[in-house]
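Open the model in your viewer and keep the selection tool at hand. The stops below are meant to be taken in order.

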Amino acid sequence: MAGISAAYHLALKQPADRILLVDEREPLTLTSDKGTQAYRNWWPGPDDTMMRFISRSIDLMEDLADQCDNLFNLNRRGYVFLTGDTENIPAMQRQAEMVSALGAGPLRVHTGGEDYIRSKPEGFRDSPIGIDLVLDPATILDTFPFITDRVVAMIHARRCGWLDSVRLGNWLLERLVEDGVRVIRDRVDSVNTTGGRVGPITLASGTRIDAQSFVIAAGPLLKEAGAMLGLDMPVINELHGKVAFRDHLGKAASGAPMMLWEDAVYLNWTESERRELASREDTRFLLNEFPAGVHFRPRGEDELLMIWTYDTHPHEGPLLPAVFPGYYGEICFRGLSRMIPVLSAYFGKVNDFVVDGGYYCKTRDNRPLIGPLPIEGAYVVAALSGYGIMASQAAGELLAAHVTGEPLPDYARAFRFERFDDPAYEAFLKQLGSTSGQL
Ligand SMILES: Cc1cc2nc3c(=O)[nH]c(=O)nc-3n(C[C@H](O)[C@H](O)[C@H](O)COP(=O)(O)OP(=O)(O)OC[C@H]3O[C@@H](n4cnc5c(N)ncnc54)[C@H](O)[C@@H]3O)c2cc1C
């Protein structure tokens, strides 16, 4: 998605027939079709860099949706954060105030249901922006009758939702090809960097390309791509899976927003299951407390997609093919049942979890790498972590501005490759971290 978007935004500024897109796979099939394809203008700081960057990207996605009669189904159902713990409410309120002040739009606090507006399942125009903090459990349960009656508060961040990233990517690709951009299936094998500048590029097929500029958009293969230029890319990869299963709730949740449970939970086991899990070294961890953040969104009429980022260790092994722990589906399902109790009726009966996913390629500040590299003529647009679909349009636009020498937006500096070489940046890094902004 990053490569397609970069090519698209370059083609808006340059003759399209000077642009060549090289991918060794079918475009969009490594990571960009594997996520929940959601977007949010919910970025808690510490400053407004990510908020402005992603908000710009959402502006661009909305413009594109208008151009194609919303072919890629951009919606604005929102992200809903829920808690069953009254002690969490002050922190949630502070966070909502902060995100609102950083640019997410107005915060509305509801102690009753009167002014709370439910989201529309489809489309995005005419839906509110900003944030609703609902402190009235009756309103929350009236809106989402399938969630636990333990709920006490809800944040509904409104300029959020999801889209079909494959449709968006393919539509952009079709436009690129129509305009004269060439797309070839091949692997970039080596890049000549004699004299500190990009020279001939050799593909696996033996084809040699003399390019003025070379843009790396290699997703989780960024380390390997950077090594071709003799660069150590400052990234790690984290494996993240998503679980799809047919929704036994029928249509109850089909119009729901993205919904996240904000409390840490213990998984839901019977007494005999607990005894069995406790008896084995490799399953004992399933009895531990799991961190907050289990979430789902519906897909179509009868499917739920679940994600839970409870494990954020860097991935050391071979990258591909990505292999997910066999118990991941069950963990998500049992965790999600704390938010949607009716799921517990299906424990042990759901055998058809489909687990897939890919890697978040991340820097130490969990911000992307976009801009020139220390080899003249080389650029990068990558390290898009768990937000690469929502960021894709602003990322492509920014990359194109770097290549063509046009004025840069003020967030450009924050994403430069060389920021980690600046000793002063170390102090700022203490406020950020490789999971900052991650849900
Ligand atoms: C489980 C999961 C959930 C996610 N949820 C969301 C979400 O809700 N919202 C969101 O915005 N983002 C989400 N993401 C993140 C998002 O999917 C990624 O950030 C994004 O897809 C990265 O796009 P990319 O173009 O950088 O990488 P990729 O899609 O991986 O593309 C990289 C391409 O580079 C090609 N390539 C690499 N090396 C070479 C070479 N040497 N020669 C030729 N081609 C090469 C590969 O073949 C590949 O096609 C999620 C990710 C995961 C894994």
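How many residues of domain 1 are in contact with residues of domain 2? Eight residues of domain 1 are in contact with 12 residues of domain 2, where contact means that the C-beta atoms of two residues, placed from the backbone, lie within 7 Å.

Two notes on reading the model come before the selections. This is a predicted model, in which local features need pLDDT of at least 70 and side-chain atom pairs count only at pLDDT 80 or more, while totals for chains, interfaces and linings use all residues. Residues are numbered from 1 along each chain as its sequence is written.

**Stop 1: the domains**

Colour domain 1 as 2-37 + 164-235 + 363-429 and domain 2 as 79-162 + 237-359; these bounds come from an automatic or database domain assignment. The centres of the two domains, taken over C-alpha atoms, are separated by 32 Å. On the side of domain 1 that touches domain 2 there are two nonpolar, five polar and one charged residues. Here Ala, Val, Leu, Ile, Met, Phe, Trp, Tyr, Cys and Pro count as nonpolar, Asp, Glu, Lys and Arg as charged, and the others, Gly among them, as polar.

**Stop 2**

Helices (H or I, at least four residues) and strands (E, at least two) are DSSP runs, numbered from the N terminus. Select β20 (residues 369-372) and β21 (residues 378-382), which pair in the antiparallel sense over four bridges; strands pair if DSSP finds at least two bridges between them. Leu369 has Ala382 in β21 as its bridge partner. The two strands form a hairpin with five residues between them, and Gly377 in the turn has a positive phi of about 90°.

The open sheet has the order β12-β21-β20, with mixed pairing. β12 and β21 run parallel and are joined by three bridges, and Ile216 has Val380 as its partner in β21.

**Stop 3: helices by the sheet**

Show α9 (residues 392-404). It lies across β12, β20 and β21, at about 170° to β21; axes are lines fitted to C-alpha atoms, for helices over the stretch in contact, and angles run from 0 to 180 degrees between N-to-C directions.

Next select α2 (residues 49-67), whose axis comes within 7 Å of that of α9 and crosses it at roughly 100°. The two helices are therefore roughly perpendicular, a term for angles of 65 to 115 degrees. Among the residues that meet are Phe53 and Leu60 in α2, and Ala394 and Glu397 in α9.

Then pick α1 (residues 2-11), where 10 of 10 residues are buried. A residue is buried if 20 or more other C-beta atoms lie within 10 Å of its own, exposed if 12 or fewer, and partly exposed in between. The cover over α1 includes β1 (20-23), α5 (165-179), β12, β21 and α9.

**Stop 4: strand β6**

Move to β6 (residues 153-157); five of its five residues are buried, so the strand is largely enclosed by the rest of the structure. Ala153, Ile155 and Ala157 point one way, and Met154 and His156 the other. β3 (residues 79-83) runs antiparallel to β6 and is joined to it by five bridges. β5 (residues 131-134) is also antiparallel to β6, with four bridges. Ile155 stands opposite Phe81 and opposite Leu133.

**Stop 5: an exposed loop**

Is Gly300 buried or exposed? Gly300 is exposed, with 7 other C-beta atoms within 10 Å. It lies in the loop between β17 (295-299) and β18 (303-307). Select Ser254 as well: its C-alpha atom is separated by 6.7 Å from that of Gly300, 46 residues apart along the chain.

Definitions and conventions: Parallel < 35°, antiparallel > 145°, perpendicular 65-115°, else oblique.
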